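Open the model in your viewer and keep the selection panel at hand. Each stop below gives a selection and what to look for.

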Amino acid sequence: MDNREQEEIEAANADEGQTAFQSVGAKLRAKREAEGLSLNEIANRTRVPIRHLEAIEASEYSALPGSTYTVGFTKSYAKALGLDDVAIAAEMRGELEQGGYQGMVARAPAYEPTDPARVPPRWLAWSAAGLAVALVAAYFVWRSFALSPDATPTEPIKTVAEASIKDQPKPDAATAIDPAGEVVIAAREAVWVKIYDADNKRLYEQEMQPGDRFTVPANANNPMIVTGRPQVLDVTIGGKPVPALGTGERSIADVGVSAAALLARTASPSPAPASGAQATGSAAPQMSGTR
């Protein structure tokens, strides 16, 4: 082999070595193109500005904001393509050192103009602000009603209870109630009852069972009742129903149960007796007691 052939072989080997070298940016661009991705897609994945990605691919490191940023951008680029970002970052550091860019100081960042597609429309911002104001106003209105002394949590219960009493049949207006008639208190359900007079003398005290009845003495001195469930008591004067003693919303006490006191009350229309059989069953002993 003469000298000329030797020189040609060495030149070919040198050209092959130069061809084999590929910059980090070229590797990233080749991988991106092989994946069929655009620089816009890479920018969306990495949040790195497109002009910086273009500079990395072209190895134009002077256009990048310092070596630290260059390595970081390159690492994000590699990770977005599924490459070994640590190895790629090491290659970039070596490439920067060989090119004299290793100690490159970061320049003042050039801020990218805001992408209008990523900024919410102005009407949406105003709508959100208006909704927030409306929610705050609604809260204060609710709070003012909640703290009002007239607003009580038992109002719905009271309304339902009063409605149930109003739905009960009214006494026959054509038939007057005798103010001298016997006052009888009958229980539809188990309920504790105490009846006493103006001198606090106990006339009756026990837990009445369904069907139990008590006749208030006609000569009692202003008889009164205390009970926790007045809505389950049926009261009659001379066998005729009178308004209920209460709705059950709360206990009652010192409520007069004489005929005069019951007739003077201005409550809701009275409920009907629990059943005709009970009213009939009690008539006989009451009449016999009167006799």
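Cover here is judged by contact, meaning heavy atoms within 4.5 Å. Helices are DSSP runs of H or I with at least four residues, strands are runs of E with at least two, and both are numbered from the N terminus.

This is a predicted model: local features need pLDDT of at least 70, side-chain atom pairs count only at pLDDT 80 or more, and totals for chains, interfaces and linings use all residues. Residues are numbered from 1 along each chain as its sequence is written, and side-chain values use heavy atoms, leaving out hydrogens and water.

Stay on α3 (residues 39–46). Which of its residues are buried? Pick Leu39, Ile42, Ala43 and Thr46. They sit on the same side of α3, because they cover an arc of only 100 degrees around the axis. The arc is taken from the directions from the helix axis to the C-beta atoms. An α-helix has 3.6 residues a turn, so residues three or four places apart point the same way. Buried means under 20% relative accessible area, exposed over 50%, and partly exposed in between (1.4 Å probe, protein chains only).

Step off the end of the helix. Arginine 47 follows α3 and has a positive phi, near 65 degrees.

Next, select methionine 92. It is found in helix α6 (residues 85–99). Buried or exposed? Methionine 92 counts as buried, because its relative accessibility is 0%. Show its neighbours, leaving out residues up to four places away in sequence: methionine 92 touches Val24, Ile56, Tyr61, Thr70, Val71 and Thr74. Draw a C-alpha to C-alpha distance from methionine 92 to isoleucine 56: 9.6 Å in space, for 36 residues in sequence.

Now visit two loops. Serine 59 lies between α4 and α5. Its phi is positive, near 60 degrees, and it is not a glycine. With 24% relative accessibility, serine 59 counts as partly exposed.

Asparagine 200 is in the loop between β2 (191–196) and β3 (202–208). This residue, also other than glycine, has a positive phi near 65 degrees. Its relative accessible area is 56%, so asparagine 200 is exposed.

Finally, zoom out to the whole chain. Colour by secondary structure: ten helices and eight strands. Of the 291 residues, 29% count as buried. Among contacts with a separation of 6 or more, 66% join residues 24 or more positions apart.
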